[in-house]
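Here's a quick briefing for anyone meeting this structure for the first time. Have a look at it, then read on.

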Amino acid sequence: MRVALFVTCVNDALYPATGVAVVRLLERLGVDVDFPAGQSCCGQPQYNTGYRYETEPLLRRTAAAFAGYPYVVTPSGSCAAMLREHYPRIGRRAAAEGRGSELAELADALAPRVYELTEFLVDVLGVTDVGAYFPHTVTYHPSCHGLRSLRLGDRPRRLLAAVKGLDLVELPQAEECCGFGGTFAVKNPDVSAAMGADKLRHARATGAEVLCGADNSCLTHLGGMLRRQDAPLRTLHIAEILAATQEEPAR
Amino acid sequence: MTTKDRILGRIRRAVGDARPPAAAEGGIARDYLLQHGHRTPAERVDLLAAHLAEYRARVHRADPDGLPALLGRLLAEPGARTVVVPPGLPEWWLSGTDVTRVRDEASTTAHELDRVDSVVTGCALAVAETGTLVLDGSPDQGRRRITLVPDHHVCVVRVPDQVVDSVPQALPLLDPARPLTWISGPSATSDIELDRVEGVHGPRTLDVVLLGPE
Amino acid sequence: MTTDGRGRGGGRAFLGMPRARVGGGGRAAGEDRAAGDGRAAGDGRVAGRARAGGEDPAAFPPFPEAARAAVRDERLRANLRHATSTIRDKRARAVGELADWDRLRAAGKAVKDHTLRHLDHYLLQLEEAVTAAGGTVHWAADAAEACRVVTALVRATGEREVVKVKSMATQEIGLDEALEAAGVAAYETDLAELIVQLGRDRPSHILVPAIHRNRAEIRDLFRTEMGRWGRPAPADLDDTPAALAEAARLHLREKFLRAKVGISGANFMVAETGTLVVVESEGNGRMCLTLPETLISVVGIEKVVPTFRDLEIFLQTLPRSSTAERMNPYTTMWTGTTDGDGPSAFHLVLLDNGRTDTLADEVGRQALRCIRCSACLNVCPVYERAGGHAYGSVYPGPIGAVLTPQLRGTDSGIDASLPFASTLCGACYDVCPVAIDIPEVLVHLRERIVQGGPVTRGGVRVRIRPARGHAAERAAVRAARRLLDRPGALRAGERLLARARRLGFRPHRLPGPGRAWTETRDLPGAPAEPFRDWWARERGG
């Protein structure tokens with residue numbers, strides 16, 4: 001099976017370890033991974049801040065980069081939601097504005113082939129035990145896009161629960177937003193920080209060593225706050241846990 | 001141009017091609033349930049009783065023989081001296097009490113009603129799923145104000161005939177041309193620190209009598 | 001379900017919020033902007049000054065500024081957290097009881113969309129039915145006109161006071177201030193509205209407007225203020241909710257019993273029958289709708305539904321979404337006037353005030369489906385921390401963030417900041433009983449602000465220019481797009497970042513807009529190499 005990895009710009013530039021983990025994990029499961037070099041940013045921050053027109057060239061670029069791949073897998077719920085939900089919407093808006101159906105056709109051709117990582121593992125590969133080993137206490141924060149846009153449900157938790165050595169503890173009020181919200185974090189810094197502080201309070205109360213998520217953008221916000229707290233808790237992307245084995249432990 | 005014309009013009013420009021709805025368009029997909037679960041008449045009455053009680057109404061059961069005595073007791077317990085009676089209330093319902101009856105006349109003022117202790121009425125129907133009584137101003141229920149100003153309302157529901165399962169079953173039985181009052185428990189507020197208090201402006205005590213067949 | 005433990009949500013009419021006696025904001029088209037000194041107070045309360053004709057947006061600071069004060073108010077935060085989490089959990093249980101919730105939600109959305117699509121038709125049908133049933137229908141294009149109509153109607157009765165049941169529409173238009181200016185005292189009768197009115201305060205929640213006040217404050221307010229408005233509070237008044245409710249009952253009863261004019265809003269208007277519906281909890285609604293001789297209802301034009309049967313949807317979804325009850329204590333339905341029962345004169349004032357402008361926006365018009373349940377407030381993490389006052393309008397929370405900038409436009413600082421007052425987490429959309437995709441509308445309104453575009457104002461289609469405040473951001477986004485659209489350039493940038501890190505460049509604090517990030521968070525450390533370099537090296541891609 002051949003899949004294209006959409007690593008996302010955040011992971012490419014700041015969290016290459018997450019991208020590497022996805023490659024190792026998928027290859028271990030017998031998947032042939034390709035990384036189309038034409039990919040860039042999906043345009044989510046721009047779109048969500050109101051710059052729809054600035055997003056359109058990125059839609060074209062992304063659609064072209066992944067043309068022809070039956071599966072496009074990404075370790076980011078919010079970027080998956082961008083491609084699946086907002087790209088078609090951008091296409092429809094352009095058509096409604098009398099600018100033709102090109103964007104809509106590109107978006108509609110791409111959207112159904114896009115999978116968030118845990119969704120791809122559970123729904124397409126049909127696995128929950130990926131043969132990982134991670135001897136730590138972990139709590140999972142389901143980011144908003146994964147929870148409410150993609151409806152990932154308990155897929156990430158099922159994957160984590162099957163990891164050898166891993167002790168999964170429930171995060172209180174897990175479904176509440178962490179306060180990142182893209183440019184919200186800088187446009188409304190006080191509310192954002194208050195939400196992040198509450199999320200971390202809940203996470204620390206679990207006693208877990210690792211706060212795991214499926215979206216590094218949320219983890220950047222939470223991890224950045226955690227480092228100021230000098231807490232015995234660190235953030236880690238779920239791909240890095242699922243890729244970890246006894247021979248090749250996670251960072 | 002009148003304001004009405006201006007607003008209608010704005011609407012028509014806003015929606016593009018204004019036209020009356022086609023008959024087919026009125027067909028909203030109503031695939032929701034018309035009732036939640038199937039019940040025997042007795043189960044329906046039990047559910048009504050449970051939901052009324054949960055909403056802090058006091059629920060009683062009686063057959064026709066026992067009704068006058070029960071109503072007499074319900075009026076005596078809070079020490080009612082006067083009771084307002086709608087014009088069409090069956091005479092025999094209050095044959096077991098000597099509390100002074102006040103007839104509601106068109107000239108009866110709100111201040112006069114405020115001095116009355118209790119009111120006894122029938123109802124148009126009751127909804128089991130929501131624990132609701134509906135009054136429609138029929139002669140055994142009277143004007144809306146008589147069930148509002150006195151502090152104690154006793155409402156008699158003929159069961160099982162007057163009980164429906166659900167809101168969708170209730171509406172077709174009601175005449176929108178009549179003033180309708182839906183009552184689910186006594187007046188309540190949670191405005192202060194979300195602490196619930198029964199009875200602010202409406203009757204603080206709601207007694208519901210489920211009047212069964214002999 | 002327990003019998004005793006449930007404590008039913010907030011007991012009240014949900015159709016609207018009380019207006020603060022002093023406090024308002026609103027649509028400013030062509031009206032004087034004199035009043036308004038509202039700023040975020042240290043305690044998170046905004047004391048804006050209201051004026052007849054609507055709320056003045058200029059009276060409120062932008063959202064982030066007001067929220068900054070609110071976030072630091074520990075008591076407000078605690079009250080809000082308690083209130084929202086309590087109602088949130090109860091709502092989930094009440095909704096969970098109905099296996100067909102999703103279908104009811106879809107049907108509610110469909111009915112509202114259908115009605116909006118043919119709004120002209122249904123309003124005319126409504127007018128005909130109300131008139132046939134003995135009522136009189138008036139039309140008001142904006143707040144000022146609505147206030148003029150109502151003031152004239154009250155004056156014609158010769159009365160100097162009116163009792164009001166909670167109505168967001170009348171607060172939106174600043175009706176109480178208009179009546180006051182005309183020498184008419186308007187008494188708010190909902191318990192929370194009374195608290196807000198006596199305190200010259202502003203409401204902070206749709207359902208629990210005085211949620212920012214605790215019992216001791218309310219007792220003090222009742223002791224000092226009730227006597228100025230009518231029957232004083234008992235001298236030995238304590239601060240138990242039961243005692244406070246009893247004081248309100250006695251204080252307001254004398255007003256109910258003598259009132260000749262009542263003013264209300266409505267939750268629904270049925271076009272085919274001319275029936276109006278008010279959903280409430282305390283009984284003050286029944287008092288206002290039943291005892292006076294004249295009833296004046298001010299209702300937004302979007303509140304119409306086609307048929308009496310349509311109520312079977314909303315009477316199931318509204319109470320469960322709002323107070324988390326199977327059914328609220330009291331619902332009143334009336335059609336025109338009825339001989340011998342209730343008011344002998346009924347006036348319906350149909351209010352536009354920005355609604356037709358909202359209807360003209362294909363994405364934004366879904367906000368007109370709103371039935372004012374407040375479920376979106378109770379699940380919103382931003383509302384929970386910022387409080388209702390920060391939204392600078394009668395409509396707080398997520399629905400306010402999409403409704404207010406459409407009803408009032410985005411000229412003011414507060415209105416232009418509201419669409420950004422959300423993380424787009426989507427919790428509001430999930431619970432909305434008429435499926436308003438609030439995040440979608442927020443993003444759409446952000447676009448109008450940062451990029452400009454076509455809008456309708458006062459019935460006229462105009463093109464607004466991009467907001468000046470976003471010029472630097474616009475330039476940055478444009479530059480970023482050029483970078484992101486050329487992977488070669490992107491790769492060079494990523495390598496530069498990695499090299500800077502190797503040279504020890506790891507700033508703890510950033511200047512400019514980045515400061516808002518580093519104020520409370522560290523920046524992520526740049527990796528030794530970007531992923532694409534690893535790929536090229538390891539997989540030869």
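Chain B holds an open sheet of six strands, in the order 1-12-7-4-2-3 and with parallel pairing (strands pair if DSSP finds at least two bridges between them). Keep in mind that this is a predicted model, where local features need pLDDT of at least 70, side-chain atom pairs count only at pLDDT 80 or more, and totals for chains, interfaces and linings use all residues. Residues are numbered from 1 along each chain as its sequence is written, while chains are lettered from A and ligands numbered from 1 in the order in which they are written.

**The sheet in chain B**

- The edges are strand 1 (58–62) and strand 3 (100–103) of chain B, each of which pairs on one side only. Strands are DSSP runs of E with at least two residues, helices are runs of H or I with at least four, and both are numbered from the N terminus.
- On average, neighbours in this sheet are turned by 25° against each other, direction ignored. Axes here are lines fitted to C-alpha atoms, for helices over the stretch in contact, and angles run from 0 to 180 degrees between N-to-C directions.
- Strand 4 (residues 118–121) and strand 7 (residues 152–158) of chain B run parallel and are joined by four bridges. Across that pair, B:Val120 sits opposite B:Val154.

**Where chain B meets chain C**

- Chain B brings 66 residues to this contact and chain C brings 84. Two residues are in contact if their C-beta atoms, placed from the backbone, lie within 7 Å.
- On the chain B side, helix 1 of chain B gives the most, with eleven residues.
- That side of chain B splits into 31 nonpolar, 17 polar and 18 charged residues. Nonpolar means Ala, Val, Leu, Ile, Met, Phe, Trp, Tyr, Cys and Pro; charged means Asp, Glu, Lys and Arg; the others, Gly among them, are polar.
- Strands pair up between these chains too: strand 9 of chain B and strand 9 (residues 330–335) of chain C run antiparallel, with four bridges.

**Where chain C meets chain A**

- Here 50 residues of chain C touch 52 residues of chain A.
- Helix 19 of chain C gives the most to the chain C side, with six residues.
- The chain C side divides into 30 nonpolar, six polar and 14 charged residues.

**Inside chain C**

- Chain C is split into domain 1 (19–467) and domain 2 (486–538), with bounds that come from an automatic or database domain assignment. Their C-alpha centres lie 48 Å apart.
- Helix 9 (residues 215–229) and helix 10 (residues 241–258) of chain C pack at an angle of about 25°, their axes 10 Å apart. The two helices are therefore roughly parallel (angles under 35 degrees count as roughly parallel, over 145 as roughly antiparallel, 65 to 115 as roughly perpendicular and the rest as oblique).
- Among the residues making that contact are C:Phe222 and C:Met226 of helix 9 and C:Leu244 and C:His251 of helix 10 of chain C.

**Inside chain A**

- Chain A has domain 1 (2–124) and domain 2 (137–243), and their C-alpha centres are 22 Å apart.
- In this chain, 25 residues of domain 1 are in contact with 22 residues of domain 2.
- Helix 2 of chain A gives the most to the domain 1 side, with six residues.
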